[in-house]
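Subject: Structure for you to look at

Hello,

Here is the structure that I said I would pass on.

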Amino acid sequence: MENKKELRTWLNKMELDHPLVIAGPCSAETEDQLLNIAHQLKDSDATVLRAGIWKPRTRPGNFEGVGALGLKWLQRAKEETGMKTTTEVANANHVDLAMEHDVDILWIGARTTVSPFIVQEIAEALRGTDKPVLIKNPVNPDLSLWLGAVERMYKADIPNLGVIHRGFSTYEKTRYRNNPEWQIPIDLQNRFPDLPLILDPSHIAGKRDIIFDLCQTALDLNFDGLMVETHHDPENAWSDAAQQITPDSLKQMTIDLRIRKQEGDEVEFRNRLSTQRTQIDVLDHKLIELLGKRMKISDEIGRLKRENNVAILQSRRWNEILGKMILEGEDHNLSEEFVLRIYKAIHQESINHQKKVVNEV
Ligand SMILES: O=C(O)C(=O)C[C@]1(C(=O)O)C=C[C@@H](O)C=C1
């Protein structure tokens with residue numbers, strides 16, 4: 001599959017003067033709940049109403065969705081508000097039911113994207129549809145698996161595609177429910193600049209207070225849209241209560257978010273940007289040169305270790321370096337997380353160099 005302009009035709013056809021906003025509850029709970037939320041969203045920037053009908057839960061025993069009944073409520077919400085509708089489909093039966101009830105856009109969830117078998121089953125059930133299909137990233141940070149799911153849809157003659165970034169599971173506890181790992185959607189965007197890219201801040205955040213910041217970051221990275229879980233009474237939502245926001249908060253958020261142009265046009269702006277980019281090029285060049293020099297020294301240490309039969313990994317020395325660099329990083333306004341990541345990568349490369357040297361025959 002190659003990038004091509006037509007990938008974004010379905011989005012262009014909506015003729016929006018702002019990023020696409022998909023909003024609505026995590027789960028459809030009752031007809032009243034869904035209609036209430038839909039009516040509150042009707043006069044907002046939200047073009048598409050979302051609602052989970054079948055909810056894949058991590059552990060059994062939690063609310064698992066109202067099932068096909070909810071599709072009738074979605075249909076009614078569409079008739080009453082004129083909003084488009086979207087829901088998650090996780091198997092061929094869901095696809096058939098969603099099609100019967102004329103859901104406008106379908107999305108594939110993160111737990112489905114990890115399984116090529118089930119993705120293929122859904123692609124076959126959807127074969128040839130012109131409805132847009134949005135594919136959430138797999139729960140694990142694997143760009144190939146994500147793109148693989150997109151390609152399976154594309155090969156099933158589904159031309160209107162998009163991707164949703166909902167963050168990645170980690171064992172380590174972080175401030176996020178799912179780590180954003182921004183580099184992955186950035187890499188995806190570099191390979192497929194015309195594949196509409198939508199942020200799901202709700203599942204990355206896990207709590208409402210950081211949703212705005214995540215949306216702003218996404219817009220600064222040229223994302224095409226936002227899918228935000230929105231509930232009239234978030235505290236009492238039947239699923240994901242901590243991460244939903246009210247329709248009013250959503251409206252305020254779309255006013256407060258800064259939408260930046262991808263390119264500036266004023267001469268002054270372009271001159272200054274060009275100077276600053278040159279400065280960055282010079283520094284990047286130096287960074288690579290310095291890293292190359294550091295690895296040469298690491299090679300020499302490798303030879304010394306080989307002659308003296310000493311192990312490559314030296315944990316005490318490595319921990320000293322890490323501690324020192326984190327402190328130095330603070331003096332230069334670099335976060336601990338960033339310094340850690342960089343140094344872990346440098347250390348790994350250094351070990352790889354030494355492994356080669358030590359095992360040379
Ligand atoms: O100091 C050493 O022994 C090295 O081999 C260098 C180095 C590094 O790259 O800084 C590499 C591997 C060790 O685990 C510790 C540090």
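Which residues of helix α2 (residues 31-41) are buried? They are Q33, L34, I37, A38, Q40 and L41. Buried here means that 20 or more other C-beta atoms lie within 10 Å of the residue's own; a residue with 12 or fewer is exposed, one in between is partly exposed, and the C-beta atoms are placed from the backbone. Helices (H or I, at least four residues) and strands (E, at least two) are DSSP runs, numbered from the N terminus. Looking down the axis of α2, the buried residues lie within an arc of 165°, so they line one face of the helix. The arc is that of the directions from the helix axis to the C-beta atoms. An α-helix has 3.6 residues a turn, so residues three or four places apart point the same way. The cover over the buried residues of α2 includes β1 (20-24), β2 (46-50), α3 (69-81) and α11 (247-256).

Two notes on how to read this. The model is predicted, so to speak of a local feature a pLDDT of at least 70 is needed, and side-chain atom pairs count only at pLDDT 80 or more, while totals for chains, interfaces and linings use all residues. Residues are numbered from 1 along each chain as its sequence is written.

The chain as a whole

The chain has 14 helices and eight strands. Its C-alpha atoms fill a box of roughly 75 × 55 × 40 Å along the principal axes. Of the 361 residues in the chain, 33% are buried. Among contacts between residues at least 6 apart in sequence, 71% join residues at least 24 apart. Two residues are in contact if their C-beta atoms, placed from the backbone, lie within 7 Å.

The domain assignment gives domain 1 (5-256) and domain 2 (269-358). Such bounds come from an automatic or database domain assignment. The C-alpha centres of domain 1 and domain 2 lie 39 Å apart.

The core

The largest nonpolar core has 66 residues, and V133, I135, V163 and I198 have the most contacts inside it. Helix α7 (residues 143-155) supplies the largest share of this core, five residues. A nonpolar core is a set of buried Ala, Val, Leu, Ile, Met, Phe, Trp, Tyr and Cys residues joined through C-beta atoms within 7 Å. In soluble globular proteins, nonpolar side chains tend to be buried together. Beyond its neighbours within four places in sequence, I135 is in contact with I108, T113, A149, V150, M153, V163 and I164.

Some single residues

W73 is in helix α3. W73 counts as buried because it has 23 C-beta neighbours inside 10 Å. Leaving aside neighbours within four places in sequence, W73 is in contact with A28, E31 and L34. The C-alpha atoms of W73 and L35 are 7.5 Å apart, although 38 residues separate them along the chain.

P185, in helix α8, is also buried, with 23 other C-beta atoms within 10 Å. Its contacts, apart from neighbours within four places in sequence, are H165 and L197.

M14 is in the loop between α1 (9-12) and β1. M14 is exposed because it has 12 C-beta neighbours inside 10 Å. M14 touches L20 and T47, not counting residues up to four places away in sequence.

Which way does phi point at D157, positive or negative? Phi of D157 is positive, near 60°, and D157 is not a glycine. D157 is in the loop between α7 and β6 (161-165) and is exposed, with 12 other C-beta atoms within 10 Å. E181 is not a glycine either, and its phi is positive at about 40°. E181 is in the loop between β6 and α8 (183-191) and is partly exposed, with 18 C-beta neighbours inside 10 Å.

Around the ligand

The residues around the ligand are S298, I301, L313, Q314, R317, W318, I321, H347, S350, I351 and Q354. A residue is near a molecule if its C-beta atom, placed from the backbone, lies within 6 Å of it. Helices α12 (267-308), α13 (315-331) and α14 (336-358) each supply at least two residues of this shell, and α14 gives the most, with four. The shell divides into five nonpolar, five polar and one charged. Ala, Val, Leu, Ile, Met, Phe, Trp, Tyr, Cys and Pro count as nonpolar, Asp, Glu, Lys and Arg as charged, and the others, Gly among them, as polar.

Regards
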